[in-house]
Amino acid sequence: MATPNPYLNTPTKTPSEKSSSKHQHNSSESASARSSRFEAYNRLQAAAVAFGEKLPIPEIVALGGQSDGKSSLLEALLGFRFNVREVEMGTRRPLILQMVHDPTAVDPRCRFQEEDSEEYGSPVVLASAIADIIKSRTEALLKKTKTSVSSKPIVMRAEYAHCPNITIIDTPGFVLKAKKGEPENTPDEILSMVKSLASPPHRILLFLQQSSVEWCSSLWLDAVREIDPTFRRTVIVVSKFDNRLKEFGDRWEVDRYLSASGYLGENTRPFFVALPKDRSTISNDEFRRQISQVDSDVQRHLREGIKGGYDEEKFKSNIGFGCLRDFLESELQKRYKEAAPATLALLEQRCTEVTTELARMDSKIQATSDVAHLRRYAMLHAASISNHVGTLIDGAADPAPEQWGETTAEEQSESGIGSWPGVIVDVKPPNATLRLYGGAAFERVIHEFRCAAYSIECPPVSREKVANILLAHAGRGGSRGITEAAAEIARAAARSWFSPLLDTACDRLAFVLGNLFDLALERNRSQDSEYGRKSGNMDGYVSFHAALRHAYSRFVKDLAKQCKKLVRHHLDSVTSPYSLVCYENECQGGFGSGISNYKFNQASAGSFCFELSDGGAASRDETMRDQENIAPQKNTQQTTPGKGEDGREALRECQMTVPETPSPDQPCDLVYAAKKEPGNFIEVGPRKRISRITGNRNGEHLRVQNGGGLLFGNGDRDSGSRSNSAFSEICLSAAQHFARIREVLVERSVTSTLNSGFLTPCRDRLVVAIGLDLFAVNDEKFMDMFVAPGAMEVLENERESLEKRQKILQSCLNEFKNVARSL
């Protein structure tokens with residue numbers, strides 16, 4: 001069900017003035033009391049519309065299809081016409097009609113309440129001017145809000161000697177299709193708005209439907225039934241009843257139609273109303289005479305024009321406009337009396353609340369001249385936000401991750417960073433579909449970086465690039481041409497491919513941490529609301545909040561810059577020609593043993609790999625198969641992609657020997673057949689490596705020079721196969737070195753650096769960094785965040801509005817106290 005409209009949660013009051021002894025009190029004091037109550041409710045309604053107060057006072061809401069007679073009924077209640085059908089009154093905005101019975105008002109006096117104010121404008125006398133004001137106000141608001149309908153009402157007060165004390169909210173009529181020039185969804189918007197206006201249980205629904213429509217074919221009766229299923233607070237009015245009378249001949253036909261029990265239930269008795277059809281220009285007295293004449297004609301036709309008449313005892317009180325008007329006055333009188341105690345109590349509560357808000361606002365404005373006071377509360381607020389950021393990093397379930405968290409795809413989209421550079425596979429880390437934030441989202445990005453890094457292989461290398469490196473070493477008399485060429489190719493590829501990957505990781509992590517500011521604000525607000533306190537009481541200081549947000553954003557950006565420098569340093573170190581990463585297999589007894597000596601923390605690498613998303617084991621297995629960067633499970637524990645034993649075994653074939661620079665005339669398989677000197681696998685350190693290189697230099701140089709041809713340019717038939725073998729060997733060795741560089745970079749350096757570079761400063765240095773940025777300034781610069789013209793203007797306007805609301809509500813409270821005494 002739609003929520004109540006904030007503009008129309010308002011009270012109305014209409015004391016009955018029936019002449020019957022049942023509702024008459026035989027004293028002038030009773031009539032005066034009824035008039036006082038009505039005026040009190042009207043004033044309260046004006047205040048509620050102006051300030052958006054929610055007061056559950058009984059109100060009448062007129063609703064029905066367009067052209068079902070609502071406008072004519074409202075004119076009849078007013079006692080005069082003002083051509084409402086020419087402007088389709090209330091078609092796009094609700095209209096609150098406050099009808100005030102004033103015996104001294106021989107001619108109607110109409111005044112419109114000013115927009116966003118409880119004051120009324122000057123009296124409007126001409127009927128055409130009333131219609132024009134309704135039309136112009138509707139068009140102006142819809143143009144301003146750029147909508148086709150609006151729930152903000154127009155309030156019109158009509159004082160007249162011939163109208164009852166009653167207030168009705170006229171709503172836009174239901175339509176099936178938008179008229180030309182309006183959006184196609186206008187009918188849906190009207191239906192939604194009317195349901196919102198009619199939903200509050202303290203409102204009485206006045207539903208109109210033409211007599212020519214059968215109950216079983218009613219389009220809008222179901223809409224009313226959705227709002228009020230039992231019709232307990234619904235008054236059903238059958239309009240244009242005189243059109244249906246012509247179809248009846250016998251009494252049983254009339255009685256069956258008037259009962260309508262088959263569709264409305266036994267306890268629901270509709271009213272049957274007919275109004276004058278003559279729309280020519282007539283005087284107000286003639287208009288009222290015609291209304292009475294139509295009522296008399298209907299009664300006479302039922303008695304004389306129907307064979308056997310009709311059941312007057314049962315249905316007479318529900319036939320005719322006069323009976324409907326008396327019933328509405330009586331029903332409102334009864335409900336106003338019932339609601340008066342609750343209204344008085346609610347007014348006292350609202351007056352107390354507004355007074356408290358006003359005192360708090362006075363305190364805030366006064367505090368703007370106290371620098372020490374502002375510094376204290378601003379520091380408390382900044383410290384509170386920083387603490388909440390640390391809590392979110394360490395792990396929190398409040399605010400709700402379902403609402404505030406983001407999936408991996410949403411992070412990539414909202415950050416504007418997109419996919420990982422150079423990665424062609426779809427990287428989907430575990431828990432990618434869960435909405436995470438804070439420390440959990442940070443760890444997910446770390447693991448996503450691992451997945452992306454292990455999905456990159458050493459790219460293909462051209463023969464020209466290999467020749468340029470290998471032959472240069474041969475020309476210098478180098479003894480390790482193949483090894484050095486492969487290592488240089490791997491280092492260049494690592495620098496080229498991992499550099500943008502590291503930048504992207506830092507940017508993604510900075511985005512995750514940047515989102516924590518809004519979450520910290522939400523946690524701060526919710527805790528203030530929960531415990532009924534104000535940490536720092538900094539609401540309304542727009543400039544200060546903007547400066548705080550800017551300081552936090554700058555802190556995170558600085559962390560990202562520093563982390564980029566650190567991980568670039570690690571990349572430069574591991575890809576340096578002086579790094580032993582590519583030779584650890586020789587220095588430590590082979591590539592396989594080199595890896596075995598380094599045992600990375602399986603718990604830290606694999607603890608985040610548990611898949612928490614929905615889908616079960618089958619879905620998880622399928623996801624793993626789709627990701628070439630995920631290694632198979634071992635001992636029921638997942639490992640970081642690329643770290644499995646299969647990858648290591650694939651590399652061990654090359655550990656038999658370290659290939660030397662081949663001679664163009666000597667096949668490369670002979671080089672593989674050469675045995676290494678005993679002890680090469682156990683001798684460790686640069687000293688042994690250097691001695692071996694210098695010891696073999698002359699032999700390698702001689703082998704390169706024999707044959708008189710250079711690696712890839714010899715025309716010998718066998719030179720092609722030999723060069724292909726050398727080229728393949730270098731590519732294979734480069735891929736192995738690339739994998740080694742990748743492993744050392746990702747596992748030994750980058751992940752720990754990102755954690756210590758981002759999370760540790762956020763926990764330990766955030767409050768100090770923000771404090772230095774905001775508070776390590778002189779008083780004059782500090783006060784610029786609080787005494788700026790914009791900030792002070794907002795506070796002053798808010799205080800003025802609160803003060804005005806307090807005066808109006810206090811005045812209404814005093815009036816209702818007098819009303820309560822008269823009950």
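This briefing goes through the fold, the helices, the backbone, the aromatic contacts and the cysteines of the chain shown above.

The model is predicted, and its chain holds 32 helices and eight strands. Of the 823 residues in the chain, 52% are buried, and the accessible surface comes to about 38,600 Å², with 51% of that area belonging to carbon and sulfur atoms. When contacts between residues at least 6 apart in sequence are considered, 83% of them join residues at least 24 apart.

- The buried residues of H20 include Phe544, Leu548, Tyr552, Phe555, Leu559, Cys563, Val567, Leu571 and Val574.
- Helix H10, residues 284–305, has 22 residues that should span 32 Å at 1.5 Å a residue, and the distance of 30 Å between its end C-alpha atoms agrees with this.

**Phe555 and its contacts**

- Phe555 lies in helix H20 and counts as buried, at 7% relative accessibility.
- Leaving aside residues up to four places away in sequence, Phe555 touches Pro761, Cys762, Arg765, Leu766 and Ala769.
- For one of these residues, Leu766, the C-alpha atom is separated by 7.5 Å from that of Phe555, although the two residues are 211 apart along the chain.

**Backbone features in loops**

- The peptide bond from Asp398 to Pro399 is cis, with omega near 5 degrees, and Pro399 is found in the loop between helix H13 (371–394) and helix H14 (401–404).
- Ser67 has a positive phi, near 75 degrees, in a residue other than glycine, and its place is in the loop between strand E1 (59–64) and helix H2 (70–78).
- Phe231 likewise has a positive phi without being glycine, here near 60 degrees, and this residue lies in the loop between helix H6 (221–227) and strand E7 (234–239).
- Ser67 is exposed, with a relative accessible area of 54%, whereas Phe231 is buried, with a relative accessible area of 6%.

**Aromatic pairs and charges over rings**

- The structure holds twelve aromatic pairs, among them the tilted pair of Phe241 and Phe272, whose rings are 5.1 Å apart centre to centre with 50 degrees between the planes.
- Because Phe241 lies in helix H7 (residues 241–245) and Phe272 in strand E8 (residues 271–272), this pair ties together parts that are 31 residues apart in sequence, and both Phe241 and Phe272 are buried.
- Phe271 and Phe327 form another aromatic pair that is tilted, at 5.1 Å centre to centre and with 45 degrees between the planes.
- The pair of Phe271 and Phe327 links distant parts of the chain, since Phe271 belongs to strand E8 and Phe327 to helix H12 (residues 321–367), 56 residues apart.
- Phe271 is buried, with a relative accessible area of 4%, while Phe327 counts as partly exposed at 31% relative accessibility.
- One aromatic cluster is formed by Phe241, Phe248, Tyr257 and Phe272.
- The charged end of Arg375 sits over the ring of Phe782, at 4.5 Å from the ring centre, and Arg376 lies over the face of Tyr377, at 5.0 Å from the centre of that ring.

**Cysteines**

- The count of disulfides comes to zero, under a cut-off that asks for a pair of cysteine sulfur atoms within 2.5 Å.
- For Cys762 the closest cysteine sulfur is that of Cys563, and the distance of 9.3 Å is too far for a bond.
- Cys762 counts as buried, at 2% relative accessibility, and Cys563 is listed among the buried residues of H20.
- Cys762 is also one of the residues that Phe555 touches.
- Cys451 counts as buried, with 0% relative accessibility.

Notes: Residues numbered from 1 in each chain as written. Predicted model: local features only at pLDDT ≥ 70, side-chain atom pairs only at ≥ 80, totals over all residues. Heavy atoms only, no water. Helix = DSSP H or I, 4+ residues; strand = E, 2+ residues; numbered from the N terminus. Buried < 20%, exposed > 50% of the residue type's maximum accessible area, 1.4 Å probe, protein only. Contact = heavy atoms within 4.5 Å. Areas by Shrake-Rupley, 256 points an atom, 1.4 Å probe, with all protein chains shown as cover. Expected span 1.5 Å × (residues − 1). Phe/Tyr/Trp six-rings, centres within 6.5 Å; stacked < 30°, edge-to-face > 60°. Lys NZ or Arg CZ within 6 Å of the ring centre and 35° of its normal.
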